[in-house]
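Please open the structure in your viewer and keep the selection panel at hand.

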Amino acid sequence: KYYPPDFDPAKIPKLKLPKDRQYVVRLMAPFNMRCKTCGEYIYKGKKFNARKETVQNEAYLGLPIFRFYIKCTRCLAEITFKTDPENTDYTMEHGATRNFQAEKLLEEEEKRMQKEREEEELNNPMKVLENRTKDSKLEMEVLENLQELKELNQRQANVDFEAMLKQYKELEEEQRRKEQEEDEQEMKAMLEQAQNRRLLEDSDSEEEAAKPRPSPAAPTKPTDILQEDPQPQSKKPRTESWERSVGKLSTKAQLAGLVALRKQKPHPALDNGMESRGSTASTGTCPGLGPGEGSGSPQGGLAPCSEPGVGSLVWGQGGVPI
């Protein structure tokens, strides 16, 4: 918002509103009432669009008093009522009469009589004594009437209090007995369950102990191996899968073909000696043996030919036959 440089808020004219200005408000009827014009009943809680104003020259302990204007729902006659802060209520002013005021009128009458009595007792001590005696007599009469009513009710009712107490005690004892029986049944059921569980555990342990253990001794007959339980089927697929993925572990039978034995060469001096005596050595060799594998070793070994019926030569040191 723009304010010019020569703006002076003191020069703004103030809005002068009348003190008895009325406002339109939405309210509900604070009590039951009846219209004086047409006799229509207006119940408590009915909503109206009312006009509200402040009552001039009236206040209670600095609190303002407000007046409300409403219209009858049937004849549109104007009805007015005011606030009553002294009694925290509303007072009917014009156009209708308030219903169901008997209790309020009675309370007002009691307050008026109490106030008059206090004023009389304030300056007359004999009046105070008379009022006290009257109050005591009235209290005694009330107590006597109450006792008579109690006796009359007892005569008409014919209630036996002893029988009532006895019946109540019997009910308590029966309830206590039922609770004890229920507790005993629960304890028995729990004990039976525990005993059954213990018996099952004992029977399981006895069955395990009675099972025959496999003997580690080897079968005595060749046909006993057929009567033994075969190897569990669960282990075979495992070994087969292992051999398929990794391969079998190496054994001597498989590695035998991979290892080549190195042949030993004979000594040259021995070869010459054997050539010079080939004719004699050929007659003494064992049949079926290769060269250098005879029963008589040129290295001086004393090993006769094992074949029966065949003559053998025994070689000494230096290739000299013995």
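A salt bridge is a side-chain nitrogen of Lys or Arg within 4 Å of a carboxyl oxygen of Asp or Glu. The model is predicted: local features need pLDDT of at least 70, side-chain atom pairs count only at pLDDT 80 or more, and totals for chains, interfaces and linings use all residues. Residues are numbered from 1 along each chain as its sequence is written, and side-chain values use heavy atoms, with hydrogens and water left out.

**Salt bridges**

Select Asp135 and Arg117, whose side chains meet in a salt bridge at 2.8 Å, N to O. This pair links distant parts of the chain, with Asp135 in helix H2 (residues 125-157) and Arg117 in helix H1, 18 residues apart. Helices (H or I, at least four residues) and strands (E, at least two) are DSSP runs, numbered from the N terminus.

Why are Glu121 and Arg117 separated by about one helical turn? Glu121 and Arg117 are four residues apart in helix H1 (residues 102-123). Arg117 is partly exposed at 28% relative accessibility; buried means under 20% relative accessible area, exposed over 50%, and partly exposed in between (1.4 Å probe, protein chains only).

Move to helix H3 (residues 161-210), where Arg177 and Glu181 are four residues apart. Their side chains meet in a salt bridge of 3.3 Å, N to O. A search of the whole structure finds 12 salt bridges.

**The nonpolar core**

Next, select Leu27, Met33, Ile42, Phe48, Ile70, Ile79 and Phe81, the residues with the most contacts inside the largest nonpolar core, which has 15 residues. Such a core is a set of buried Ala, Val, Leu, Ile, Met, Phe, Trp, Tyr and Cys residues joined through side-chain atoms within 4.5 Å. Centre on Phe48: beyond its neighbours within four places in sequence, its contacts (heavy atoms within 4.5 Å) include Val25, Leu27, Ile42 and Ile70.

**Asp84**

Select Asp84, which lies in strand S6 (residues 78-84). Is this residue buried or exposed? At 13% relative accessibility, Asp84 counts as buried. Setting aside residues up to four places away in sequence, Asp84 touches Asp89, Tyr90 and Thr91.

**Tyr3**

Finally, select Tyr3, found in the segment before strand S1 (23-28). Tyr3 is partly exposed, with a relative accessible area of 49%.
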